[in-house]
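Keep the sequence and the 3D view open while reading.

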Amino acid sequence: MHRTTPRAVRGVAAFAAGALVLSLAACGSDDPAPGPAAASATGGGSIDVVTRFTAGNSAAQAQKRVFDAFTAETGIKINLTEGLEAIDDQVETAVAAGKSPDLVIVNLFDKTVGWLDAGVTVPVDQYVKDWGLADKMKPEALDEWRVGGVSGGQLQGLPFSGFSWPLWYNTDLLTKAGVTEVPKSTDELIAAAKKLRDAGVGPVTVGGNDWTGQKLFYQIAQSFTDAATMQKVMQEGGYCATPSVLNGIKLFTDLRDAKVFVDNVAGLSADDMYASFYSGKAAIMSAGSWAYTESKASGTGIETHTTLGGFPVPSGSVYPKPTAYQGFTGVGFMITKQGAEADKIDKVRQLVTKFYDQPTVGDFVKDASILPPVTGDFASYATDPLLKASLGLDANVDYAVLPDVWIGSASDPITQVLTGAYGEASPQEICEGLDTATKG
């Protein structure tokens, strides 16, 4: 997620790939037919789905309700495979083994950005029109799922789970440390970090060893660079040759060396970040809206003394206000070539369009704090206090360029470079590493 939903280290993929092929093989054409009560005009049958909404994810129960209702109404069985942390590798392994799913519910990130070109999935431009979704979908949500992230590009999939991605500030800890206001400038952040450390509290926690650290690095590194230039550098390289980007990298290392990040941050993961913030060991973290309901479920009461805002900006920044991320490259629907076959596509249509019914979208807003990709009034579903707070973020933050679509399949090698950035790497070493990873 993204990563725009939580994802841990990719090493699990190699271990689990063989199990995946067997799993998908088991849920292929030998499925038992649905009983007479479940049969419908569609003739029953099945759809093979790999999903990012897995057990423990706040959206999993809402997804299950959709699947159960869909099967009850149509007689079409869902052969469900839970996505691994490396779901992109997982699906590619299945496709290569001739066991492709029909539908993948996944983030637009890393290798999935290249699936259309690679022939793993099919464009969905015509489906949006034919399935009656064109008038429902927000144009900006569709554009983020187009090739190149621009209007007019081929549509790679259908966005579903939009997100906000602010900074979380534990106001109780800030107050106890003598920090009277949420920092708005990097100078204020450095001063706040010193006070927090003096009070025995970690300042900014982040997974310096994974996707969370990658996103926060880019948020800081683009502080002096306009969006179009940053997108070009992310896509093509030129980190060292672009002075404004190099200045942003220097800003990152200045903050690192001023001990703004918690100790040993280069070795931390997203799970470590959540645990330290929820338990009050660190006062600040960068996390997305998918964690709103999960923070409440932690039972620590953290949601009652958390203020949402942006990452403080330096003097001379291109952003007048502190920065956050917002977008629609969270979980969406990608249709494989197999799913587009004549015997499958109408079943896929029925399932996908069911997700976009207003009550269903509202259910996901309530359970998983998604930002809807469709028009409509969903305020009554926003029962989570942090989700309600995030609806007012626009007035207080500027939105930075989320790197996912632009760095594409270079995401993992870039993350490896940035682990060094959270350690002791110099700005020159970081920019050279990023250039190599981008062009590699």
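## Helix α9

In this predicted model, helix α9 is mostly covered, with 11 of its 11 residues buried. They are Trp-211, Thr-212, Gly-213, Gln-214, Lys-215, Leu-216, Phe-217, Tyr-218, Gln-219, Ile-220 and Ala-221. A residue counts as buried when its relative accessible area is under 20%.

Helix α11 (residues 243-257) meets α9 with the two axes coming within 8 Å and crossing at roughly 120°. That angle makes α9 oblique to α11. From α9, the contact involves Phe-217, Ile-220 and Ala-221, and from α11 it involves Ser-244, Val-245, Gly-248, Ile-249, Leu-251, Phe-252 and Leu-255. Sorted by class, the residues of this contact are 8 nonpolar and 2 polar, with no charged ones. On the α9 side, Phe-217 and Ile-220 belong to this list. In general, residues three or four places apart in an α-helix point the same way, because the helix has 3.6 residues a turn.

## The three-stranded sheet

Helix α9 (residues 211-221) also lies across strands β5 and β10, and its direction makes about 120° with that of β10. These two strands belong to an open sheet of 3 strands, ordered β5-β10-β12, in which the pairing is mixed. The edges are β5 (163-165) and β12 (398-399); each has a single partner strand, so one side of each is left without a neighbour in the sheet.

Strands β5 and β10 (residues 323-327) run antiparallel and are joined by 3 bridges. Within this pair, Phe-163 stands opposite Gly-327 in β10.

Val-106 stands opposite Gly-332 in β11.

## Helices α2 and α14

Which helix packs against α14 (residues 345-355) at an angle of about 135°? It is α2 (residues 60-74), and the two axes are 10 Å apart. The two helices are therefore oblique to each other, and α2 passes α14 in a right-handed crossing.

On the α2 side, the contact is made by Gln-63, Val-66, Phe-67, Ala-69, Phe-70, Glu-73 and Thr-74. On the α14 side, the residues are Lys-347, Gln-350, Leu-351, Lys-354 and Phe-355. By class, the contact of α2 with α14 has 6 nonpolar, 3 polar and 3 charged residues.

Helix α15 is largely enclosed by the rest of the structure, because 8 of its 11 residues are buried. The buried residues are Thr-360, Val-361, Gly-362, Asp-363, Phe-364, Val-365, Asp-367 and Ala-368. Their cover includes α2, α13 (292-297), α14 and α16. Just after α15, Ser-369 takes a positive phi of about 55°.

## Two loop residues

Ser-58 lies in the loop between β1 (46-51) and α2. Is Ser-58 buried or exposed? It counts as buried, because its relative accessibility is 14%. Leaving out residues up to four places away in sequence, Ser-58 touches Trp-290, Thr-293, Glu-294, Asp-367 and Ala-368. Asp-367 and Ala-368 are among the buried residues of α15.

Leu-371 lies in the loop between α15 (358-368) and α16 (385-390). With a relative accessible area of 13%, Leu-371 is buried as well. Leaving out residues up to four places away in sequence, Leu-371 touches Phe-160, Ser-161, Gly-162, Phe-163, Ser-164, Gln-326, Phe-328 and Leu-387. Phe-328 is 43 residues from Leu-371 along the chain, and their C-alpha atoms are separated by 8.0 Å. Phe-163, another residue that Leu-371 touches, is the one that stands opposite Gly-327 in β10.

Notes. Residues are numbered from 1 along each chain as its sequence is written. This is a predicted model: local features need pLDDT of at least 70, side-chain atom pairs count only at pLDDT 80 or more; totals for chains, interfaces and linings use all residues. Side-chain values use heavy atoms; hydrogens and water are left out. Two strands pair if DSSP finds at least two bridges between them. Helices (H or I, at least four residues) and strands (E, at least two) are DSSP runs, numbered from the N terminus. Contact means heavy atoms within 4.5 Å. Axes are lines fitted to C-alpha atoms, for helices over the stretch in contact, and angles run from 0 to 180 degrees between N-to-C directions. Angles under 35 degrees count as roughly parallel, over 145 as roughly antiparallel, 65 to 115 as roughly perpendicular and the rest as oblique. A crossing is left-handed if the near helix is turned anticlockwise from the far one by less than a right angle, and right-handed if clockwise. Ala, Val, Leu, Ile, Met, Phe, Trp, Tyr, Cys and Pro count as nonpolar, Asp, Glu, Lys and Arg as charged, and the others, Gly among them, as polar. Buried means under 20% relative accessible area, exposed over 50%, partly exposed in between (1.4 Å probe, protein chains only).
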